[in-house]
Amino acid sequence: MENLYKIQNLKHEYKWNRQSVPILRDLSFDLERGCFSCFVGPSGTGKTTLLNILGLIENPLNGNLIFCGDDLAKASEKVREKIRLHKIGFVFQSFYLIPTLTVFENTSYFLPQLGHSREKSRKWALDVLALLGLENHIDKRPGELSGGERQRVAIARAIAKKPTVVLADEPTANLDSETATRIIKAFKELQCAEGTSFIFSTHDPQLVEFARTVFNMKDGLIQSRVDQ
Ligand SMILES: Nc1ncnc2c1ncn2[C@@H]1O[C@H](COP(=O)(O)OP(=O)(O)OP(=O)(O)O)[C@@H](O)[C@H]1O
Ligand SMILES: [Mg+2]
């Protein structure tokens, strides 16, 4: 099967107090299209940093990042923005919902830019909101929702545009186990129906159990890869 990602010798660091702090030390791995993979490891180990790089939000300092056949490690913001819009659904650890827009508007936010008709966009957004159990909240604003509901809206926004890959940073962190199971099942359904690839970071054993591939990270390195 064609690779979704081919990552070679990826390195990243942040500058802090004028010093360079290495975060990702030397990562190499492949992920196939249609994967259901997660990165686990202690807090501060670089999971969010890695997802940001896979999501083309940040460029890595060094290494190759091949996504759907294109080497994008040094791609311009303009190129990355276009690919992000069309191919990547990102669920941020801190959601980043737009506070002045309703649940429905947040969910359907990107759809007009993808060239879909208003009717189609509306139907997709409503279907996804129902799939995630948010059908009774569509006219609320983020400030009127619980943390778990906000998390589900962030997930709805990421999946509504039917991206090639969903990158989700701890997507079940604010959910009770019943809701988490529902979300994981919705992801699995999308994986089967649309061939969507899913890549997570998580501390949630339930989500790890569902993953097909688990990467154990520590101190900016992948310590092991388990295909289960
Ligand atoms: N913008 C930044 N500037 C400086 N240091 C940063 C920046 N972003 C992250 N870091 C540092 O990089 C390291 C890795 O952070 P990252 O957020 O990737 O960890 P994580 O594995 O996602 O942790 P958690 O499980 O707590 O979410 C941390 O030590 C963090 O303090
Ligand atoms: Mg994180």
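1. On conventions, residues are numbered from 1 along each chain as its sequence is written, and chains are lettered from A and ligands numbered from 1 in the order in which they are written. Because the model is predicted, local features need pLDDT of at least 70 and side-chain atom pairs count only at pLDDT 80 or more, while totals for chains, interfaces and linings use all residues; side-chain values use heavy atoms, with hydrogens and water left out.

2. Helix α5 covers residues 147–160, and its 14 residues should span 20 Å at 1.5 Å a residue, which agrees with the 20 Å between its end C-alpha atoms. The expected span of a helix is 1.5 Å times one less than its number of residues, and helices (H or I, at least four residues) and strands (E, at least two) are DSSP runs numbered from the N terminus.

3. How much of α5 is buried? Twelve of its 14 residues are, so α5 is largely enclosed by the rest of the structure; here buried means under 20% relative accessible area, exposed over 50%, and partly exposed in between, with a 1.4 Å probe and protein chains only. The buried residues include G148, E149, R152 and R157, and the elements they pack against include β6 (88–91), α3 (103–107), β7 (165–169) and β8 (197–201). Just after α5, K162 takes a positive phi of about 50°.

4. Helix α6 has 18 residues and reaches 25 Å from its first C-alpha to its last, close to the 26 Å expected at 1.5 Å a residue. Its buried residues are T179, A180, I183, I184, A186, F187, L190 and Q191, and they cover an arc of only 155° around the axis, which puts them on the same side of α6; the arc is that of the directions from the helix axis to the C-beta atoms. As background, an α-helix has 3.6 residues a turn, so residues three or four places apart point the same way.

5. On the other side of α6, S177, E178, C192 and A193 are exposed, whereas the cover over its buried residues includes α4, α5 and α7 (205–210). The N-terminal end of α6 is capped by D176, with a side-chain oxygen 3.1 Å from the backbone nitrogen of E178, and G195, whose phi is positive, near 70°, follows the helix.

6. S121 lies in helix α4 (residues 118–131) and counts as buried at 7% relative accessibility. The side chain of S121 reaches the backbone oxygen of S117 at 2.9 Å. Not counting residues up to four places away in sequence, S121 touches L111 and H116, where contact means heavy atoms within 4.5 Å.

7. H116 is found in the loop between α3 and α4 and, at 26% relative accessibility, counts as partly exposed. Leaving aside its neighbours within four places in sequence, H116 is in contact with L111, S121 and W124. The C-alpha atoms of H116 and G41, which are 75 residues apart along the chain, are separated by 39 Å.

Conventions: A polar contact is a pair of N or O atoms within 3.5 Å; within protein, one must be able to donate a hydrogen and the other to accept it, and residues adjacent in sequence count only if both atoms are side-chain atoms.
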